[in-house]
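Please keep the sequence and the structure in view while reading.

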Amino acid sequence: MALPFLPGNSPNERLGKERFHKSQHFDYSSGVPMLVGSEKPGIGGEHLVGQEIKPKYSVYPIGSGTGLPPWVTFDKQVLCFDAYFQETVPEAQSETYRIRKCKIYFFLEDDTIQVVEPEYKNSGIPQGTLIRRHRIPLPPPNEGQFYNLFHFNINQQMKLHSRTFTVTDCDSFTRNFLTKLGVHVNNPTTVPEDPYSSLREQLKKSMQPLRPYERHDTLKQFLDHDRKVLRFYCFWDDSQSIYVDLRELILHYFLVDDTIEIREVIPPNSGRDKVNKFLRRCRLPKHVPAKVKQPGEITDRTVLNVLTSSTMGNRYILDSLKTGAVHEEFYKDCDLIIGGEVNVWGRRVILADCDDFTKHYYRAKYGIEDFTPLQYKAPPAPKPPRPVPPYNGFGSEEDSLSFCQRLLPKPPRKDFQKFMAKDRYGLDSKVLNFQAKMITADPVDRERVFIISFYLSNDTISVFERPQKNSGVLGGKFLERGRVKKPGQELFKSQLSQYFTAQDLYVGATLCLNSINFQLLDADEYTFKYMEQHAEEFPRANMGIIISKLRSLPEEKQREIRKFLTLSDPSNTGFIPFESIRSLLLGLDCNLSEHEVLVLGRCFSEREQTQVDVGLMLAVAQDFLKKKAFEEFPKMARAFADHDRHKTQRLSTKAIRTICKAFHLPVPNSLLEGLLSKFADGDEIDYYAFLAGINWLEHPAPPVMPEDTLKLLFSSPASKPKLIAQSLLNYSAVLKKLQV
């Protein structure tokens with residue numbers, strides 16, 4: 001007995017439910033927002049009537065595919081299948097059915113299908129695209145679904161829009177793609193024979209048309225040899241003319257169509273008019289005909305006159321036997337050989353030479369290796385000398401020379417590449433500075449100190465005098481910047497004067513600048529380093545040349561040097577003062593300049609480093625951090641711990657330096673490097689000890705005086721040049737170099 005449909009008697013479907021939301025109809029598919037409303041459940045998440053819910057988890061393992069959308073992953077990737085379908089031909093005597101071959105293309109990016117039938121000549125039926133590209137539904141009763149990748153295989157039938165196709169084969173890409181997906185690809189099958197097509201093939205073979213089609217395919221020759229030209233250098237001996245001379249020619253053979261073009265090389269002042277071409281581009285016959293053929297006489301086909309009547313008109317047929325055809329021989333590439341002759345319409349042209357491409361072509365095609373050119377003309381006469389008049393004193397020598405080289409003079413060109421390579425770049429000045437004194441008998445001038453600067457960008461020199469108190473001489477600019485000529489050169493001469501170069505300046509050298517002699521006494525640290533880094537440009541700073549000079553010393557001088565070293569180092573430590581070995585090398589006349597001796601000392605010297613107190617360095621570092629209010633020590637500790645993967649409380653020096661730079665630690669670079677070297681144990685540092693030392697909040701150091709800070713900063717080895725005079729020379733290392 002049913003309950004009456006009254007309030008309180010009907011069941012409440014919402015009773016006990018807590019979710020009444022409407023499902024979202026937009027979702028992400030392969031990372032792309034799409035409308036997926038048909039796959040979403042109803043209100044409260046309940047499935048609708050007849051709805052098939054897509055499984056939450058895929059059958060494919062996670063990570064086996066890519067996260068890109070399919071139209072990006074499978075872009076321009078198409079599966080190609082060979083297929084055919086049988087078409088009934090009603091009301092035809094010669095055929096009852098017809099087999100039509102086609103191609104089925106499956107586009108992986110969107111699961112669309114396209115069917116294309118190749119076009120056959122004179123088929124009489126519309127061919128081409130049979131089914132345009134779109135998604136094709138499955139046959140009933142699954143018309144709500146579409147064909148996908150797994151519906152395709154070889155040797156099976158597919159029904160596409162009420163037309164049954166039989167798949168016979170596929171290409172290699174399709175076979176490999178399906179095999180990788182785990183699909184067992186069947187063996188290919190054969191296409192049944194079409195009786196009507198076989199009949200047409202038989203008829204085509206038995207036909208003998210009155211006008212047979214003769215195909216002259218030149219496309220392959222065009223594709224293989226387009227823009228490829230053989231070049232021969234040849235001459236025409238025109239000895240029978242009034243002016244007995246040789247005419248130089250250039251023959252171009254075009255491989256694309258076997259045509260020849262000849263151009264004449266007309267030398268200057270020859271008295272001949274310049275023409276564009278000696279022979280226009282055409283096919284050149286080997287034998288000159290007695291009479292030039294008129295246009296239309298030479299044709300590919302000949303015509304026979306069958307009937308000529310005033311009432312019925314003319315009747316012609318094509319001559320299939322070609323009885324009246326004119327056969328001419330034309331020059332080919334095999335006929336052109338160096339030393340051979342070419343008959344150019346009665347003119348005897350001899351091939352003398354060819355270019356590199358022509359040699360490579362004949363070597364590759366015909367195996368010819370002999371390309372000896374013919375000598376057909378005398379060697380060119382030497383050019384008469386063009387003496388340059390001597391310099392007259394007006395302007396610069398380069399400017400005066402340009403007036404003698406051309407009618408319209410141009411200013412002398414500067415070496416722009418050298419300027420760009422040797423010009424100042426940032427802090428790299430590219431200027432060599434030397435300290436010098438004046439060589440003179442005047443006692444006042446002997447005490448004057450000069451700075452000679454050589455600019456590498458344009459080889460100019462400037463001289464500056466240091467001002468000295470109570471010397472009676474005003475300091476300042478002594479010589480304006482400019483190029484300085486070397487002494488002892490004639491003023492009025494035809495050759496250009498020689499100027500001082502960078503190789504002429506070194507410690508111990510004597511320079512004559514505008515009739516004033518200067519001796520170079522010393523150089524700054526930048527000059528020494530630059531010359532040592534570019535030792536291939538400066539022989540005086542090349543350690544290999546210096547060692548070779550020491551090896552070439554006579555045996556008695558080498559014995560005297562070893563004896564001096566033994567007496568200077570009685571305890572056999574391997575080190576002696578540099579001043580001692582310097583005095584010895586300069587006194588023995590070892591063919592070494594003072595600059596070379598200084599370079600030897602800089603290479604093998606070791607300075608006694610003063611030990612700096614670690615406590616003072618930490619106090620100075622804490623003073624800098626305290627003034628800048630740096631309190632990022634906990635964050636630095638966490639950064640050190642994050643980089644310490646093995647939890648050994650130790651990091652490399654490079655890693656700690658990088659972290660300190662990342663936190664912008666307000667400590668001078670020289671002081672930071674000194675602290676890292678003090679805390680380093682090999683190549684690693686205990687970062688907890690390092691942080692505890694610089695942490696002014698938890699481990700404050702005693703205050704330091706300003707003079708202690710300045711003394712520490714400016715006494716570091718990085719802030720001082722390498723003082724050779726106060727160093728010890730490692731003569732044992734020098735002796736090992738000499739023995740190698």
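Does Thr653 count as buried or exposed, and what is its relative accessibility? The model is predicted. In it, Thr653 has a relative accessibility of 12%. The cut-off for buried is under 20%, so Thr653 counts as buried.

Thr653 belongs to helix 16, which covers residues 653–662. Apart from neighbours within four places in sequence, the contacts of Thr653 are Leu676, Ala680, Asp683 and Ile685. Of these, Ala680 is 27 residues away from Thr653 along the chain, with 7.1 Å between the two C-alpha atoms.

## A pair of helices

Helix 12 spans residues 578–587 and helix 13 spans residues 594–604. Their axes are 10 Å apart, and the helices pack at an angle of about 145°. The crossing of helix 12 and helix 13 is right-handed.

On the side of helix 12, Phe578, Arg582, Leu585 and Leu586 make the contact. Helix 13 contributes Glu594, Val597, Leu598, Leu600 and Gly601. Sorted by class, this contact has 6 nonpolar, 1 polar and 2 charged residues.

## Domains

The domain assignment lists domain 1 (70–195), domain 2 (218–366), domain 3 (416–540), domain 4 (542–608 + 730–737) and domain 5 (614–714). The centres of domain 1 and domain 2, taken over C-alpha atoms, are 54 Å apart.

An unreviewed UniProt entry carries the annotation "domain: DM10" for residues 75–182, 226–366 and 428–535. Residues 75–182 are 8% helix and 44% strand, and their end C-alpha atoms lie 22 Å apart. For residues 428–535 the values are 12% helix and 37% strand, with 17 Å between the end C-alpha atoms.

Methods. Residues numbered from 1 in each chain as written. Predicted model: local features only at pLDDT ≥ 70, side-chain atom pairs only at ≥ 80, totals over all residues. Heavy atoms only, no water. UniProt positions renumbered as here; feature names shortened; annotations may be inferred. Helix = DSSP H or I, 4+ residues; strand = E, 2+ residues; numbered from the N terminus. Domains from an automatic or database assignment. Axes fitted to C-alpha atoms, helices over the stretch in contact; angles between N-to-C directions. Left-handed = near helix turned anticlockwise from the far one by under 90°. Contact = heavy atoms within 4.5 Å. Nonpolar A, V, L, I, M, F, W, Y, C, P; charged D, E, K, R; others polar. Buried < 20%, exposed > 50% of the residue type's maximum accessible area, 1.4 Å probe, protein only.
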